[in-house]
Each structure stands twice: as C-alpha cells, then as structure tokens.
Amino acid sequence: MSDDDTPALDTTITEPPLDAGEVDHLLFMLERSRATFAWKVGGLDAAALHRAFPPSAMTLAGLVKHLTLVEDDVVATRLGAGPWVEPWTGTTPDDWPGWDWRSAADDSPAELYRGWQAAVARSREAWARITADGGLDAPADVEWPDGRPSRRRVLIDLNAEYARHLGHADLFREAVDGLVGEDPPQP
C-alpha cells in the first residue's frame with residue numbers, strides 16, 4: 001500500500017529475560033510500544049496516513065510526526081542528551097502549538113517514517129548512555145515547577161505517551177484497512 005521509497009518499519013519485539021531488572025523492563029516496554037506503533041502506522045500510502053477521523057482532525061500522519069517530536073523532545077530537553085534537530089529547529093514560536101500535527105499533512109509517508117525512525121534511533125542512543133551513566137535514579141535535565149524529575153519519571157512518561165497514542169492508532173488503522181491486534185506478528 002506504500003510507495004517503493006518508503007522504508008519498512010521494524011515491528012520486532014525482543015522479550016527480556018523474565019528476571020531482568022527494572023531498566024531492562026522499562027526499556028522493553030518502550031520498545032514493544034514502538035514496535036506496535038510501527039505495525040499500526042506502517043505500510044500505508046499518503047491517502048491512508050493523512051485520512052482524518054471526524055470529529056477529530058487527528059491523522060495517523062499526525063501521530064507519527066507528533067511521536068517524532070516527543071522522542072526528540074525527551075532527548076533534547078528532558079535528558080539533555082542531544083541537540084534539537086530539523087525539522088524542529090526550523091520552526092518559530094508562531095508555529096506552535098500544534099505544528100507537528102498540522103505540518104504532517106505536507107509530509108510524504110517516506111518523510112514521516114524516516115523522521116520517526118531517526119528520532120527513535122537518537123532516543124535509543126540517549127537512553128543507552130544515560131542508563132549506563134547514573135541509571136534512572138539520576139535527575140533529568142528538565143526543571144518542573146516542583147523540582148527535577150528522575151530519569152525514571154521521564155521514561156515512564158514516554159511510555160505513557162506511546163500508550164495513549166497507540167489507542168488512537170488502533171482505532172484509525174482498523175478504520176483504514178481492518179488491521180487489528182495487540183502486538184505485531186512475530187517471525
């Protein structure tokens with residue numbers, strides 16, 4: 001259903017050992033959510049990705065670009081583990097809020113998928129570095145009104161963001177072509 005230049009998204013789920021530690025389980029949950037998200041939004045053409053589901057203006061394309069922003073925001077501002085990158089650096093305050101959702105309408109499936117894959121790769125690298133350097137107990141690089149959260153809280157919030165949007169992706173994908181299920185089929 002997608003264009004030939006559109007990259008395939010990885011839907012592999014690799015289970016950690018049942019007795020793995022907290023970090024491994026929390027990162028596994030994130031990877032499982034990413035794989036399920038990839039399955040729900042992957043392999044679609046522009047028409048399917050940009051289809052709105054009234055009364056919401058939300059689209060699968062918007063979900064992809066929004067989670068791209070979330071991944072990059074966690075790396076750049078909450079973990080302090082990398083710089084802001086394009087397309088976010090090309091925006092102005094007048095573009096926000098909601099630029100990620102709106103601008104997705106102008107993006108091809110290939111652009112959306114590649115952007116999300118690149119953000120996930122940056123995020124994986126950042127989480128690998130920070131879990132090896134102080135673990136999840138160390139404070140994150142963001143100041144909230146009542147203090148600095150731990151890296152654990154940031155990771156839990158990232159998992160929650162995926163969980164929230166996986167529900168949207170489930171419904172939208174079923175409406176597009178009938179795809180249903182909890183986890184992507186594994187080889």
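This is a predicted model: local features need pLDDT of at least 70, side-chain atom pairs count only at pLDDT 80 or more; totals for chains, interfaces and linings use all residues.

The largest pocket comes out with a volume of about 250 Å³. Its lining has 16 residues, and the ones lying nearest the centre are D10, T12, E31, R34 and R124. If you sort that lining by type, you get seven nonpolar, three polar and six charged residues. Two helices each put at least two residues into it: α1, which is 22-41, and α5, which is 109-132. Of the elements, α1 gives the most, with five residues.

Then there's the second largest pocket, with a volume of about 160 Å³. Here I can read you the lining: H66, L69, V70, D73, V74, R78, V154, D157, L158 and E161. Two elements give two or more residues to that lining, namely α3 at 60-78 and α6 at 151-177. The largest share is from α3, with six residues. By type, the lining splits into five nonpolar, one polar and four charged.

On to the inside. Which residues have the most contacts within the largest nonpolar core? Those are F37, L60, W116, W127 and Y162, in a core of 39 residues. The elements giving two or more residues to this core are α1, α2 (that's 46-49), α3, α5 and α6.

If you ignore neighbours within four places in sequence, W127 is in contact with L27, L30, V74, L79, L136, R151, V154, L155 and L158.

The buried residues of α1 are L26, F28, L30, S33, R34, A35, T36, F37, A38, W39, K40 and V41. R34 is in that list, and R34 is also one of the residues nearest the centre of the largest pocket.

Last part: backbone. Most residues other than glycine have a negative phi, and most peptide bonds are trans. Just after α1, G43 has a positive phi of about 70°. There are also cis peptide bonds to look at. One joins P54 and P55, with omega about 10°, and P55 is in the loop between α2 and α3. Another runs from E86 to P87, with omega near 5°; P87 lies in the loop between α3 and α4, and α4 is 99-103.

And one more glycine. G134 is in the loop between α5 and α6. Is G134 buried or exposed? Its relative accessible area is 52%, so G134 counts as exposed, the cut-off being over 50%. From G134 to R151 you go 17 residues in sequence, and in space the C-alpha atoms are 9.4 Å apart. R151 is also one of the contacts of W127.

Methods
Residues are numbered from 1 along each chain as its sequence is written. Side-chain values use heavy atoms; hydrogens and water are left out. On a 1 Å grid over the protein atoms alone, a cavity is a set of points where a 1.4 Å probe fits but cannot get out, and a pocket is an open set with protein on both sides within 12 Å along at least five of seven lines; lining residues have an atom within 4 Å of a point. Grid points are joined across faces, edges and corners, and a volume is the space filled by probe spheres set on the points. Helices (H or I, at least four residues) and strands (E, at least two) are DSSP runs, numbered from the N terminus. Ala, Val, Leu, Ile, Met, Phe, Trp, Tyr, Cys and Pro count as nonpolar, Asp, Glu, Lys and Arg as charged, and the others, Gly among them, as polar. A nonpolar core is a set of buried Ala, Val, Leu, Ile, Met, Phe, Trp, Tyr and Cys residues joined through side-chain atoms within 4.5 Å. Buried means under 20% relative accessible area, exposed over 50%, partly exposed in between (1.4 Å probe, protein chains only). Contact means heavy atoms within 4.5 Å.
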